[in-house]
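Hi,

Here is the structure I promised to pass on.

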Amino acid sequence: MTINYSEKIPNNVDLANDKTLQRALEHWQPRFLDWWREMGPNDFASSDVYLRTAIGVDAQGWAHYGTVKMPDYRWGIFLADPVPGRTVGFGDSFGQPAWQQVPGEFRSQFRRLIVTQGDTEPASVEQQHRLGHTCPSLYDLRNLFQVNVEEGRHLWAMVYLLHAYFGRDGREEAEELLARHSGDVDKPRILGTFNEPIEDWLSFFCFTYFTDRDGKFQLKSLAESSFDPLARTCRFMLTEEAHHMFVGETGLGRIVKRTLEVMKEIGSDDPAAIRRQGAVDLQLLQRYLNFWFSSSLDLFGSEVSSNAASTFANGIKGRPDETTQYQDHVCADSSCELEMPDGRGGLKKETVGMRNAMNEVLRDAYIKDCEIGLKRWNMQIKRAGRGLELKLPSRRFRRAIGAWTNIPTDTEGRPIPREEFDRCLPEWIPSAADKNYVKSLMQRVVEPGKMAAWIAPPERGVNNLPVDYEYVRSY
Ligand SMILES: [Fe+2]
Ligand SMILES: [Fe+2]
C-alpha cells in the first residue's frame, strides 16, 4: 500500500470528476499549507517523522505507515462507505430516507455545527504548536505530530463538506477556519477549551484524554446525522480519533506508573519527596484532571437547551450509538429529571423534556467513558499498595456554561459559600507553583528509547516497531 504523491488531494469522493469542487479545494490548499507552516509544529518542518496517513476506508488497510516531512503529509478526504438504504435514525423525520443534500430549512443549523466542529481541529494544532521542544521521548514526539497531522485532516474533512454542500457561504467559512486562532484576543477559536494554552505535556495528555474524547462524542452524534455525507465523514474521523485518546490514556497511565516506581524507590508518598525525584505526585495529577475535565464538560453546552432539542428534532445531531443504545428515537413526549441549582445555594429536581436534555444525555455518556481510564489507573495504584484514589470531580464543579455557571461547589458538587470556594480552589486546580514545577520537568529527551524521568516507557512501540526506534529524525 503506497501513497500517490502526484495526487494533490487523496480522496474517495471522486474529486477528479468534479472539477469545480476540485478547483475550489486546490485553491484552499495553499492557504491551509501557509497556516500549517505558520501555526503548526513549524520548527520541525524538516524533520523526518514516522507517521500513518489515511489512504482509504478499508478497515484492514486504511492507513499507510512511513517516514515523511510533515509539510509533505497528504491530507486526504475520506468518507466511510455508504450504508445502502440508510434512513433517518431519530427525530421528526425518523424512518425517511437519509439526505444526500442539506435541506434548505436546516442549512444554517448544519453549517454552524460543521463550522464549530471544524474550528476545534486546527485550534488544537495551534494549542500544541510549541510542545515538540520539550518532548519526553522520540516516541511521544512522534505521537504529538501524529495527532497534529490528523487534526489537520479533520479540518480538511469539514472544509470538504463546506465547499461541497454550502456554496459561497461554505467557502467563506472555510477561509475563516484559518483566520481564527487559538487564544487570539481579536479572533479567538469558537469554544473556550480550545483557547486554553497547552504548554506542557501533562496538559497535552489531559487534553488528549478529556478534550479529544469530547471530540469522540461530538463525532459519534454527528455520525448519526440524517445528512449522509456528514455522517460518513464523521464515522471515518472516529477511526483516527481513537489514537488521540490512546495517547492521552497511555500518557497519563505512564505518568502514574513512573510515580509509583519513585514512591517505591524512596519508600514515601510525600509529594515534596516525589518532586525531589523529578516525578509527578498524584495530588498534582489530580489537580490537572480536575481542570481539564471540568473545562471539557462545558463543551457539551447547557443542561437544558432549545438548540439541542431542535437539532435532535430536525435530524441534524443524534445521540451517540442512537440505533443500538435507545428504544425511543423520536423522544417527542418523554422527559427526564435533572438536578439543578435552586438559586439559594441548594439543589432541586427539575423535569425536562427529553429533547431539551440532549446535551446532558451526551455529557452522561462522556462521563462514563472518562471513568474507564481512572479505573485503570486506580488499579495500578492499588496494586502498588497505595491508598490514594484518582477521581473525576462532579459535573457541577467549576462550570462556565449551563445551569452551574458560577455556582460555587466543592469537587463533590456540593454547593458551598463563595469564600470557601475561592479559598479552596488553589488546592483543586493547578496552582502557579504546580505549573512552574511541571514546567521545570519539561526537558527535551530525544535519544531513541530514552524517557524523561517523570514518565515510564510505553509498553510497545508504534506499528510493531521497537520503543527505541528513531521515530523522528533531524529535529
Ligand atoms: Fe479531530
Ligand atoms: Fe483528536
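Predicted model: local features only at pLDDT ≥ 70, side-chain atom pairs only at ≥ 80, totals over all residues.

**Notes on the iron site and the fold**

Along the chain, the donors of the iron ion (ligand 1) are spaced as E-x29-E-x2-H. Donors here are N, O and S atoms within 2.8 Å of the metal (3.2 Å for Na, K and Ca), and water is not among the atoms, so sites may look incomplete. The residues behind that pattern are Glu 121 (OE), Glu 151 (OE) and His 154 (ND1), which coordinate the ion at 2.1 to 2.2 Å. Glu 121 sits in helix 2 (residues 107–127) and Glu 151 in helix 3 (residues 138–165), 30 residues apart, so the pair links distant parts of the chain.

Residues are numbered from 1 along each chain as its sequence is written, chains are lettered from A and ligands numbered from 1 in the order in which they are written, and side-chain values use heavy atoms, without hydrogens and water.

As for the whole chain, there are 13 helices and five strands (DSSP runs numbered from the N terminus: H or I of at least four residues for helices, E of at least two for strands). The radius of gyration is 23 Å, which agrees with the value near 23 Å for a compact globule of 475 residues (taken over C-alpha atoms; the globule rule is 2.2 Å times the number of residues to the power 0.38). Of the 475 residues, 57% count as buried.

Some loop residues to look at:

- Arg 355 lies between strand 4 (347–353) and helix 11 (358–383), and it counts as buried because its relative accessibility is 14%. Leaving out residues up to four places away in sequence, its contacts (heavy atoms within 4.5 Å) include Asp 92, Phe 312 and Cys 331.
- Cys 331 is in the loop between helix 10 (322–325) and strand 3 (335–341). Its phi is positive, about 55°, although it is not a glycine, and its relative accessible area of 2% makes it buried.
- Asn 406, in the loop between helix 11 and helix 12 (418–428), also has a positive phi, near 60°. At 60% relative accessibility, Asn 406 is exposed.

Cheers

Notes. Buried < 20%, exposed > 50% of the residue type's maximum accessible area, 1.4 Å probe, protein only.
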